[in-house]
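Subject: Structure handover

Hello,

Here is the structure I said I would pass on. Please open it beside this message and look up each residue as you read.

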Amino acid sequence: MSELTLTVMRLGFLAVLWLFVIVAVQVIRSDLFGTKVTQRTATARRGGAAPTGRQAPPPQREGRQQQTQAGRPRRGAPSQLVVTQGSLAGTTVALQGQTITLGRAHDSTIVLDDDYASSRHARIYPDQSGQWIVEDLNSTNGTYLDRTRLTSPTPLQPGAAIRIGRTVIELRK
């Protein structure tokens with residue numbers, strides 16, 4: 001081989017080696033310092049949403065009669081969702097007939113800072129009769145309702161504990 005070819009190969013190897021070092025340093029830096037998290041402003045929150053999430057738009061319903069039925073809470077019906085255990089303990093979300101999403105994703109209604117929660121973990125929504133339903137969204141670690149793992153959408157009773165990792169949430173009147 002000519003001397004020029006060897007020199008070009010050495011410089012190419014050196015460039016690849018430095019590229020590897022730079023990428024390794026960036027990975028270590030991101031692991032140590034994490035990513036920049038921006039705080040949400042008060043205008044991003046609507047209604048009685050948790051301070052760490054925003055509410056999803058209400059589900060589309062057909063017919064004016066169903067909208068007025070679903071818009072009025074029944075007497076004695078649950079009116080709030082309360083986080084009783086976990087990093088968000090004490091957080092309350094008012095139930096206004098909209099779907100509530102739970103997970104690590106920044107656009108969830110309740111953003112869970114829990115290692116055992118998936119980004120789109122579960123959702124809680126009202127059915128046609130006004131009964132609240134909890135549904136696991138194919139999460140990795142599962143959603144539990146009173147120590148029973150959910151496999152299908154299940155009606156919620158007031159006071160029943162929904163467990164996602166270390167977070168426990170209850171439906172209350």
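Predicted model: local features only at pLDDT ≥ 70, side-chain atom pairs only at ≥ 80, totals over all residues.

The structure holds 3 salt bridges.

Start with D107 and R120, whose side chains form a salt bridge with an N to O distance of 2.7 Å. This pair links distant parts of the chain, the two residues being 13 residues apart. D107 sits in the loop between β3 (100-103) and β4 (110-111), while R120 sits in the loop between β4 and β5 (122-126). D107 is partly exposed, at 26% relative accessible area. R120 is partly exposed too, at 46%.

The next pair is R123 with E135, a salt bridge in which the closest N and O atoms are 2.7 Å apart. Here the link runs between strands: R123 belongs to strand β5, and E135 belongs to strand β6 (residues 132-136). They are 12 residues apart, and this pair also links distant parts of the chain. Is E135 buried or exposed? E135 has a relative accessibility of 18% and counts as buried, because the cut-off for buried is under 20%. R123, at 28%, counts as partly exposed.

The remaining pair is E170 and R172, with side chains that meet in a salt bridge at 3.1 Å, N to O. E170 is buried, with a relative accessible area of 18%. R172 is partly exposed, and its value is 33%.

Now the serine. S139 lies in the loop between β6 and β7 (144-145). Its relative accessible area is 8%, so S139 is buried. Which backbone atom does the side chain of S139 reach? That atom is the backbone nitrogen of G142, at 3.1 Å. Leaving out residues up to four places away in sequence, S139 touches S118, H121 and R149.

Regards

Key. Residues numbered from 1 in each chain as written. Heavy atoms only, no water. Salt bridge = Lys/Arg side-chain N within 4 Å of Asp/Glu carboxyl O. Helix = DSSP H or I, 4+ residues; strand = E, 2+ residues; numbered from the N terminus. Buried < 20%, exposed > 50% of the residue type's maximum accessible area, 1.4 Å probe, protein only. Polar contact = N/O pair within 3.5 Å; in protein donor to acceptor, adjacent residues only side chain to side chain. Contact = heavy atoms within 4.5 Å.
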